[in-house]
Amino acid sequence: MLWTALTVLFAVVCCVVMNPYTALHAKAAGRPVTISSCTIAGSDVVCQISAGSVPSSDDGLYYIYADEVWQDGTTGKAVASVGAGSAVTAVFPLQYNTADSNLSRKFLVAVKRGGQMVQVSDEHYITNPEAIAAYTMPRRDTGIKGILPDLTRASNGELQELGIKQVVYNMYVDDICSDVSEPGAIPFDYNGRTWYFNGGMVSKFDSMIRSFNSYGLQVTMVLLNGGRGAYSQDLVHPTARGGDCPGYALNVADASGTDHLKAIGAFLGQRYSGKLDHGQVDNWILGNEVNARTSWWYSSSASLDFNVNIYVKAFRIIYNELKSANANVNVYNSIDQEWNRKSNPGSFLAREYLDQFNYYINREGNIDWGLSYHPYNSPLYDPYAWNGPAVWVKNNLSTPYITMQNIDLLIDYMHRAEYLNPAGQVRSISLAEIGYTSSFGDASQEASIAYGYLKAASLPDIDAFMLFRQTDDAHEMESNLALGLYDLNGNKKPGYEIYKNLGTSNEGVAKARASEIIGMDIDQMISQKIVWTRGGDGVVQ
C-alpha cells in the first residue's frame with residue numbers, strides 16, 4: 001500500500017451466508033473428465049485422468065492439449081492421445097527450455113465428436129516444477145524480524161545492530177529488460193530465443209543482494225511492473241495500457257508478453273539462486289496489494305473474476321519458472337488489509353480476491369503458494385496498533401479490516417482445508433509490509449512496533465514481519481505517516497531502540513517499555529488474545 005519511489009544508494013529500484021469457496025466451485029461443474037494431476041517425471045509430463053462417465057467420441061480417444069495461458073479450448077497443440085477410459089494416464093515430453101516447452105502451459109482433455117474437438121475437462125497446470133530445479137540452495141531462514149532497508153545505511157552495520165534477519169525490496173521488471181542494441185546487455189538463451197537484460201541495473205541488484213547475504217540476511221524481492229521501460233511494453237496487459245498507476249497488470253493475453261514473462265522468471269530464478277555468485281533471493285512476491293486494482297495492479301476491467309484470472313495466469317508462470325530453477329524459493333501473492341471494506345471503489349475486497357485466487361489454484365492444480373499480507377492499522381495513520389477503532393477492527397470474520405490486533409482471524413482462515421498446500425500444511429504467511437507512525441508521538445510508535453512484532457512472533461505460521469521502513473519518507477509524512485525508525489535528519493527515534501531489543505536477550509526491556517505505554521502487560525495481552533478497541537472512526541484529535 002505504501003510502496004513509494006525510493007532514493008537509494010545504488011539507484012536500484014525505479015524502481016456471508018454461503019461459503020464463498022463453495023459458491024465459486026459451482027462454476028467448475030459440468031465437464032465429465034477430470035485431470036487429477038500433471039507432474040514432471042524425468043523428462044516427461046505425466047497426467048492422471050479420470051471420468052465418472054466416459055464421454056462419447058468418434059474414435060474412443062482422449063486428446064491432451066497444451067495451451068498457452070492466453071489460449072482457451074482446443075486452440076493449443078495436441079501433445080498426446082490415449083484411449084478414453086475412467087482412469088487413464090497420458091505421458092508426453094516436457095521439452096524444457098525449448099520453443100515447445102510445456103513447463104508453464106496448461107493442459108486439457110478433448111474428444112473428437114462429429115469431426116470436431118470438444119473440451120471435456122477443466123485446465124490443469126504442472127504442479128511440481130521443482131522436480132527439474134538445477135540451482136537449488138538451502139534457504140536462509142533464521143528469524144522473522146525484517147525491514148525495508150535504507151540503502152544509504154546498509155553498509156555501516158546498522159542492520160546487524162538492529163538484529164535484522166530479513167529484508168524486503170522492490171524490483172521493477174521493466175527496469176531489468178533490455179535489447180541487444182544496449183551496451184552491456186546480458187544475453188539469456190531460453191525457450192529457443194535469446195533475451196536481453198539490462199547489465200547495469202542487474203549488476204546493481206547483484207551487488208545489493210550479495211551485500212545483504214554477506215550480512216546474514218534473507219532477501220525477499222517484490223516483482224512489480226511499472227510499465228515504463230522501452231523494452232518491456234509487451235509486459236503491460238492490454239487492459240492496463242493507457243492507465244496512470246504505479247503498477248500494471250502483467251500481460252498474459254498474447255504470446256509476446258507471456259514468452260517474455262517466462263524468460264524473466266527463469267533468468268531471475270537462476271541468477272539469484274545463490275549458486276552463480278550473484279546473490280540469493282529466497283522469497284519472491286508477485287505484485288503489491290494486487291486486490292487494489294486502481295492503485296497497484298492496474299487493469300481497466302472492474303470484474304473480479306477477470307482480474308484474478310489474469311493474475312493467476314501470471315502467478316503460474318512466475319511460480320513454475322522460479323521453482324524450476326530453485327526448488328527452495330517461496331512465491332507469494334500480495335493483498336492488503338481491507339478484508340471486508342474498500343476505501344477505494346476501484347479496489348476489490350482482500351477476502352474476495354483471496355477466495356477467488358485460491359479457487360483457481362485448486363481448480364487448476366494446487367501448488368505451494370504463499371500469502372503476503374499487509375496488516376496495517378486502519379486508518380493507516382492510526383498510531384495505536386493495540387487499540388484500534390471499534391468501527392474498523394472486529395474480532396470476527398465480518399471485520400472491515402484485519403490488522404495485527406485480529407491477525408488470528410487470517411491465520412485461522414488459512415487453516416481451512418481448502419486453503420492448505422499440497423502437503424496438507426498451512427501455507428507460508430509473510431507480513432511483508434507493516435509500519436507504524438510516530439506523527440502523533442514516539443511512544444505510540446514504540447508500543448505499536450513491540451505489539452506488532454511480538455504478536456507475529458507468537459504465531460508459528462507467520463514467517464516474516466517486515467517493518468516499513470528504516471527511514472522516514474517526506475511524501476508519506478504529508479499524510480502523517482512517519483513510519484521510519486530514523487527521522488529525515490538521520491536521527492534515531494525511540495522506536496529504533498525498541499525494535500533493536502525485540503527478538504534478543506534484551507527483549508524484556510522492550511516488553512517493559514511497551515507495557516508501560518499500553519497500560520497492561522504486553523505478554524498477557526497477546527497470550528490471552530485481548531483485543532481492545534475504542535470508539536470513533538480512528539481520527540486522531
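The buried residues of helix α12 are covered by elements including β9, α2 (158–162), α10, β19 and α13. The model is predicted.

**Helix α12**

- Buried residues of α12 are G495, Y496, I498, Y499 and N501.
- Just after α12 comes G503, with a positive phi of about 80 degrees.

- Strands of a sheet pair through backbone hydrogen bonds, either parallel or antiparallel.
- Strand β15 (residues 330–335) pairs with β16 (residues 370–373) in the parallel sense, over 4 bridges.
- Within that pairing, N333 has L371 of β16 as its bridge partner.

**Helices α10 and α13**

- Two packed helices are described by the angle between their axes and the distance between the axes.
- For α10 (residues 442–457) and α13 (residues 507–518), the axes come within 9 Å and cross at roughly 120 degrees.
- On the α10 side, the contact uses A443, E446, A447, A450, Y453 and L454.
- On the α13 side, it uses E507, K511, R513, A514, I517 and I518.
- By class, this contact has 8 nonpolar and 4 charged residues, with no polar ones.

**The loop around P238**

- P238 sits in the loop between β13 and α5 (255–271).
- Its relative accessible area is 37%, so P238 is partly exposed; the class lies between the 20% and 50% cut-offs.
- Not counting residues up to four places away in sequence, P238 touches N251 and A253.
- P238 and L250 are 12 residues apart along the chain, and their C-alpha atoms are separated by 8.9 Å.

**Backbone exceptions**

- Most residues other than glycine have a negative phi, and most peptide bonds are trans.
- S378 and P379 are joined by a cis peptide bond, with omega about -5 degrees.
- P379 lies in the loop between β16 and β17 (387–389).
- A cis peptide bond also joins F468 and R469, with omega about 20 degrees.
- R469 is in the loop between β19 and α11 (474–477).
- D277, a residue other than glycine, has a positive phi near 65 degrees.
- D277 belongs to the loop between α5 and β14.
- Its relative accessibility is 59%, so D277 counts as exposed; the cut-off is over 50%.
- K529, also not a glycine, has a positive phi near 55 degrees.
- The place of K529 is the loop between α14 (522–527) and β20 (532–534).

Conventions. Residues are numbered from 1 along each chain as its sequence is written. This is a predicted model: local features need pLDDT of at least 70, side-chain atom pairs count only at pLDDT 80 or more; totals for chains, interfaces and linings use all residues. Side-chain values use heavy atoms; hydrogens and water are left out. Two strands pair if DSSP finds at least two bridges between them. Helices (H or I, at least four residues) and strands (E, at least two) are DSSP runs, numbered from the N terminus. Buried means under 20% relative accessible area, exposed over 50%, partly exposed in between (1.4 Å probe, protein chains only). Contact means heavy atoms within 4.5 Å. Axes are lines fitted to C-alpha atoms, for helices over the stretch in contact, and angles run from 0 to 180 degrees between N-to-C directions. Ala, Val, Leu, Ile, Met, Phe, Trp, Tyr, Cys and Pro count as nonpolar, Asp, Glu, Lys and Arg as charged, and the others, Gly among them, as polar.
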